[in-house]
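I opened the notebook to record what I looked up in this structure. The entries follow the order of my checks.

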Amino acid sequence: KVGNKNSKLIIVKFSSLSLGIHLCLLRCLEYSSSLTMKRTSGFSRGGTGRNVNLRSKFRTEHVIAPVLFVSVVLTSLAMWSAVFLGNGHTQDHNEQTVPDKKSAPKILYETNVDAQKYINKWNPPTASTDGLSACLLVKDDNDNLVEWIAYHYTTMPLRHLIITADPSSKTSPQAVIDRWSAPHLGIDIRLWTDDDFLPEKVELNRLLDRVRMPINRNITFAEEDKRGFQMHIVRQEKFISECMTRFKREGRDWVLLVDSDEYLILNSKDIKGNEKIFEKVKREVKSPLTRPWRVDRLDRLRKSLPKVSDQTVRDVINQQYDGPPWSDEPCMAIPRLFFGSLESDPKDISKNVPAEIDPKSLDTLRYRKHASKGEFEFNFYDKAMVDVSRVSYFHVMNCHRILSLCNNVRPFEEAAHVARNDGQRNITPLSMTLLRVHHFMGSWEKYGAREDTRRTKDNYEKLGNVDLGEDDDIRPWIGKFKEMFGDSTKSMLAKGNWPLIKN
């Protein structure tokens, strides 16, 4: 592809090297021929040596030399065609079509220096009929898991899921998994144990010692709880890494990495304009993902995103896979929107809900009041979705910044917001993505049921009373689910009465 600058440079270098080799060979043949003539001068007049060397000279002058000469000519033509005829434009794998921007630069899979070498530039995204994948850690989350699988099965569509349960869990997710075991549902759910992803004891202890305890938070850990927290972090990171690796080996592409109380949704633009607009700072990151024409493209796409009941995430990817953000962001940072525990009017939460479904039993229907869109406060750090087919190295940084290349879409460097009381952190603006995650706190009974030092009544009341807007974008999923499952809808969404794990 001579239109590609890098390809043209390679052709020139190779042709120059080949030309030099050919000229050296011609010179060597000329020198060899002269030596042959000198050696034959000492032979007897009637000897055969002169005849043999005359035949060698004939082969050199009339066979080998012309072939090398033609090769030199062809090599020279290839080199000069790359230089003079390479001005024609041929689009390569990494170049994206930019609407209405003739002079826009090419989009490469550029990220930070460390992550750049781990992205497979020669494996561009493609359309697919396969469902999406997910990795999920749970701990006594069966009620959440019922709704989580049903929702993502309908809206992604989720078709490949690996789950692992915390060893201290009192209940097993197996009962929920069994509901989806029927072959006609077409979903593969696997339950992993620690043996499937944790390293040997020596390596595990080394990883545990490297975990830093959280600072500058209103959370205190007893000495005996510190090792438990460190183990939680290591399990989380190793599970995500091994899960993504497994899906890559199986030929999957996009893998969702969220928690059981978080739901992926298309990031339609707020028609009321209630979204945080980030102010520029001196240390703004110069990223290819923040180019003006790309930001304009995302803005247009957000305005035309469908409802969750009309098209799945896979449908949207298939329609747009050959352009940003899908083509140039294989590790996609996804901002969150936090929903508190304040109730809404019963008429509002019952709207368009099938009669057999109690809207209070599903967090995605029951809770509508949320934090300020795009702000760090309450929403906190991003989650991620990774196209594992285009990433070759899965060193997980943490559950929010899965890989270092996920960070490139954020507008500021981390050091730009070191103050802990300004309400701002290095998160992805809603304007920079077509996806977001709805994070539901749920009821106190469910929130406080899990044994976690961070889940206190004070924290629940502080976070749960948020009321900075209402959002119903996620609600239409239940109607689509009803269409798919019919009379089985109620049984598939039933919660409670989970068997305890026998020690």
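I call a residue exposed when its relative accessible area is over 50%, and buried when that value is under 20%. N497 has a relative accessible area of 81%, so I logged it as exposed. I note here that this is a predicted model.

**Entry: N497**

I located N497 in the segment after helix 15 (489-492). D143 lies 354 residues from N497 along the chain, yet their C-alpha atoms are separated by 9.7 Å.

**Entry: T171**

I found T171 in the loop between strand 2 (158-165) and helix 5 (174-179). Is T171 buried or exposed? Its relative accessible area is 12%, under the 20% cut-off, so T171 is buried. I listed what T171 touches, leaving out residues up to four places away in sequence. The list holds D140 and N142, and then W498, P499, L500 and I501.

**Entry: the whole chain**

I counted 15 helices and 9 strands in the protein chain. The chain has 503 residues, of which 46% count as buried. Residues 24 or more positions apart account for 80% of them.

**Entry: nonpolar cores**

Which residues have the most contacts inside the largest nonpolar core? They are W148, W180 and W477, in a core of 59 residues. Helix 4 (residues 142-155) gives the most to this core, with 7 residues. I also noted a second, separate core of 30 residues, which includes L198, I233, C331 and V388.

I went back to W148 for its neighbours, again not counting residues up to four places away in sequence.

**Entry: aromatic pairs**

I counted ring pairs with centres within 6.5 Å. By this rule the count comes to 19 aromatic pairs. Y263 and F440 form one of them: the ring centres are 5.7 Å apart and the planes meet at 80 degrees, so I logged the pair as edge-to-face. The cut-off for that label is over 60 degrees. This pair links distant parts of the chain, with Y263 in strand 5 (residues 262-266) and F440 in strand 9 (residues 435-440), 177 residues apart. Y263 is buried at 1% relative accessibility. F440 is buried too, with a relative accessible area of 1%.

I logged another edge-to-face pair, F376 and F380, at 5.5 Å centre to centre and 80 degrees between the planes. F376 counts as buried at 10% relative accessibility. F380, at 33%, is partly exposed.

I then traced how ring pairs join up. They link Y151, Y153, W180, Y263, F339, F440, W477, F481 and F485 into a cluster.

**Entry: charges over rings**

I looked for charged side chains over ring faces. R159 lies over the face of Y153, at 3.8 Å from the ring centre. R455 lies over the face of Y447, at 4.8 Å from the ring centre.

**Entry: helix 13**

Which residues of helix 13 (residues 457-464) are buried? I found Y460, L463 and G464. They cover an arc of only 90 degrees around the axis, so they are on the same side of helix 13. D458 and K462 are exposed on the other side of helix 13. I checked what covers the buried residues of helix 13, and the cover includes strand 7 (336-339) and helix 12 (444-447).

**Entry: helix 6**

I repeated the check on helix 6 (residues 201-210), where L204, L207 and L208 are buried. Their arc around the axis is only 100 degrees, which puts them on the same side of helix 6. An α-helix has 3.6 residues a turn, so residues three or four places apart point the same way. The face of helix 6 turned away from its buried side carries V202, D209 and R210, which are exposed.

Notes. Residues numbered from 1 in each chain as written. Predicted model: local features only at pLDDT ≥ 70, side-chain atom pairs only at ≥ 80, totals over all residues. Heavy atoms only, no water. Phe/Tyr/Trp six-rings, centres within 6.5 Å; stacked < 30°, edge-to-face > 60°. Helix = DSSP H or I, 4+ residues; strand = E, 2+ residues; numbered from the N terminus. Buried < 20%, exposed > 50% of the residue type's maximum accessible area, 1.4 Å probe, protein only. Lys NZ or Arg CZ within 6 Å of the ring centre and 35° of its normal. Core = buried A, V, L, I, M, F, W, Y, C linked by side-chain atoms within 4.5 Å. Contact = heavy atoms within 4.5 Å. Arc of directions from axis to C-beta.
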